[in-house]
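The sequence and coordinates come next.

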Amino acid sequence: MEHPENSEDYKGLTVNGGVEQPSIINPYMRRGRYRRRELTVGEMVEGIIKGDVTVLSQAVTLVESINPQHQQKAQEVIDKCLPYSGQSVRVGISGVPGAGKSTSIDEFGMHVLDRWGGKLAVLAIDPSSERSKGSILGDKTRMEKLSQHPKSFIRPSPTAGSLGGVARKTRESIILCEAAGYNHIFVETVGVGQSETACHSMVDFFLLIQLAGTGDELQGIKRGIMEISDGIVINKCDGENVDRCHLAATSFRNALHFFPKSESGWDPKVLCYSGFYGTGVKEIWDMIAEYVEFVKANGYFDYRRNEQSKYWMYETINEQLRNSFYHDETIQAMLTHAEQTVLNGQKTSFAAAGELLDMYFTKMKQ
């Protein structure tokens, strides 16, 4: 029997219908998603100049967007913030994965804020996955003290496939942070590589973090990143690792003797420190302060800033030309056919590329 309670044996019992259950949807909830009012360009610029962290974060998000409308609005914001920028010391920090960059930045930042005051912005570049294209953006978790400081601003950004692990819009973000009153800017890159010159082209001082036991003098000479470093520091100089760190420092100093003298006239120094215990941090920032004073005295500081502006002008031209080429409808229609001719061995890669470029330039002249 499907319902035994209806049997004659239980006719003296009654079954209640139960209480009507309320709907799982809140009847008081507003229909539609709540959307924050979009700030105008003037409101955004005003908020940035006043040092509003929320508005600054929104502006950086706007800069990183690939939406053409957002890019246009972001460019207007940057243009209006440009007169308020340039009054900071920009420090690029790079090193091999696991060298302790994030932990060191936590100690460096606290030392800078306690000793020199002002405000500090950290633009941490997080690598994006080649498969999922996603990023963890979790560098804040390793900057425990700095992330709680009221005078600091930490912004992790995905590389999104950009060259050298430096986000495509990091330079524009620097301008916004300077306009918001941040007079110390840290740019953390994802690791060591030949393309770390992109970071070098947007900072005043390039700091390379090394570890003991990474090679001898010859290995140091082969690493092109050492040629652009203004200072080399060896981390984890504590406990039983002290002697190895000082031995590595000697090896790096010997390697630096083989490099030509830099344009600034500055001789890079090699120091040891411990990011975990915070020892040796003062000496590193004494070195950076000495460098800034040195290059400002001989005029190289302003010269380098001008050269960087010129470099990024050409980089922007290259990027816009690349985007224009690949978004052209005619080129998009021809790309698949060109690929097949190359794969079938009918044309070389260079000949196919030349035909596509000729077609593009011919169209541009019309």
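Predicted model: local features only at pLDDT ≥ 70, side-chain atom pairs only at ≥ 80, totals over all residues.

In sequence, Lys 50 and Gly 181 are separated by 131 residues. In space, the C-alpha to C-alpha distance between Lys 50 and Gly 181 is 8.2 Å.

## Thr 189

Thr 189 is also a loop residue, placed between β4 (184-188) and α7 (197-200). Is Thr 189 buried or exposed? Thr 189 counts as buried because its relative accessibility is 1%, and the class takes in values under 20%.

The side chain of Thr 189 has a polar partner: a contact of 2.9 Å joins it to the side chain of Ser 94. Ser 94 also takes part in strand pairing, since its bridge partner in β5 is Leu 208.

Strand β5 covers residues 205-210, and six of the six are buried, so the strand is largely enclosed by the rest of the structure. In a regular strand, side chains alternate between the two faces of the sheet. Both faces of β5 are covered.

Which strands pair with β5? Strand β1 (residues 89-95) pairs with β5 in the parallel sense over five bridges. Strand β6 (residues 231-234) is joined to β5 by four bridges, and these two strands also run parallel. Leu 207 has Gly 231 as its bridge partner in β6.

## Strand β7

The pairing continues from β6 to β7, again in the parallel sense, over four bridges. Ile 232 has Val 270 as its bridge partner in β7.

Strand β7 (residues 269-272) has one covered face, made of Val 270 and Cys 272.

## Nonpolar cores

The largest nonpolar core contains 48 residues, and Ile 48 and Leu 176 have the most contacts inside it. Beyond its neighbours within four places in sequence, Ile 48 is in contact with Val 55, Leu 56, Ala 59, Val 77, Cys 81, Leu 176, Ala 179 and Ala 180. Another core, of 32 residues, lies apart from the largest one. Its members include Val 96, Ile 105, Ile 209 and Trp 285.

## Cysteines

How many disulfides does the structure hold? The number is zero. Cys 81, one of the contacts of Ile 48, is buried because its relative accessible area is 0%. Cys 177 counts as buried too, at 0% relative accessibility.

## The chain as a whole

The chain has 13 helices and seven strands. Buried residues account for 42% of its 366 residues. The accessible surface comes to about 21,900 Å², and carbon and sulfur atoms provide 53% of that area.

Among contacts between residues at least 6 apart in sequence, 75% join residues at least 24 apart.

Notes. Residues numbered from 1 in each chain as written. Heavy atoms only, no water. Buried < 20%, exposed > 50% of the residue type's maximum accessible area, 1.4 Å probe, protein only. Polar contact = N/O pair within 3.5 Å; in protein donor to acceptor, adjacent residues only side chain to side chain. Disulfide = S-S within 2.5 Å. Core = buried A, V, L, I, M, F, W, Y, C linked by side-chain atoms within 4.5 Å. Contact = heavy atoms within 4.5 Å. Areas by Shrake-Rupley, 256 points an atom, 1.4 Å probe, with all protein chains shown as cover.
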